[in-house]
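Colleague: Before we discuss this chain, could you please show me the model?

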Amino acid sequence: DDNKIVIARAGAVDLLVELLKTGESAEQTQAAATLRNLAENTCNKITIANAGAVELLVVLLLTGHTVGKTQAAGALSSLAVNSDIQIRIASTEAVEALGELLRTGDTAGKTQAAKALRVLTCNNVGNKIAIARA
């Protein structure tokens, strides 16, 4: 966990977010996977969200290839443990995109989508309703 803090403090989050924005498909997938791992640390979740990663992860979830979508769903799941970030995620197209991944993704994608949707419903009635409608 200490390494995750050191990596984030060294400026990696901004660089990874830039890869999500401008990178090729493989780079975006790796950026999402790395952000997912960094988001396992509570402090890093806020840093990642404030860097603009939520919206870019949703774009990857909507437009990426199979593995990219899976990694984006996993990263959103890790970030959604924070209730403020949960609200931010739910205000995007994430719920619909996660529902689509749950319906049409491969096994890994479906698993990550289900996990992300579960986390988004924790202690949030509004999200539960939105997910039920998706």
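Colleague: What share of the contacts in the protein chain with a separation of 6 or more comes from residues 24 or more positions apart?

Modeller: Please note that this is a predicted model. Among contacts in the protein chain with a separation of 6 or more, residues 24 or more positions apart account for 62%.

Colleague: What radius of gyration does the protein chain have?

Modeller: The C-alpha atoms fill a box of roughly 40 × 30 × 20 Å along the principal axes. For 134 residues, a compact globule would have a radius of gyration near 14 Å. The value for the protein chain agrees with this, being 13 Å.

Colleague: Is Ala8 buried or exposed?

Modeller: Ala8 is found in helix H1, which covers residues 2–9. Buried means under 20% relative accessible area. Because its relative accessibility is 11%, Ala8 counts as buried.

Colleague: Which residues does Ala8 touch, not counting residues up to four places away in sequence?

Modeller: A contact requires heavy atoms within 4.5 Å. With residues up to four places away in sequence not counted, Ala8 touches Val13 and Asn44.

Colleague: How far apart in space are Ala8 and Leu35, C-alpha to C-alpha?

Modeller: In sequence, Ala8 and Leu35 are 27 residues apart. In space, the C-alpha to C-alpha distance between Ala8 and Leu35 is 9.4 Å.

How values were computed. Residues numbered from 1 in each chain as written. Predicted model: local features only at pLDDT ≥ 70, side-chain atom pairs only at ≥ 80, totals over all residues. Heavy atoms only, no water. Rg over C-alpha atoms; globule rule 2.2 N^0.38 Å. Helix = DSSP H or I, 4+ residues; strand = E, 2+ residues; numbered from the N terminus. Buried < 20%, exposed > 50% of the residue type's maximum accessible area, 1.4 Å probe, protein only.
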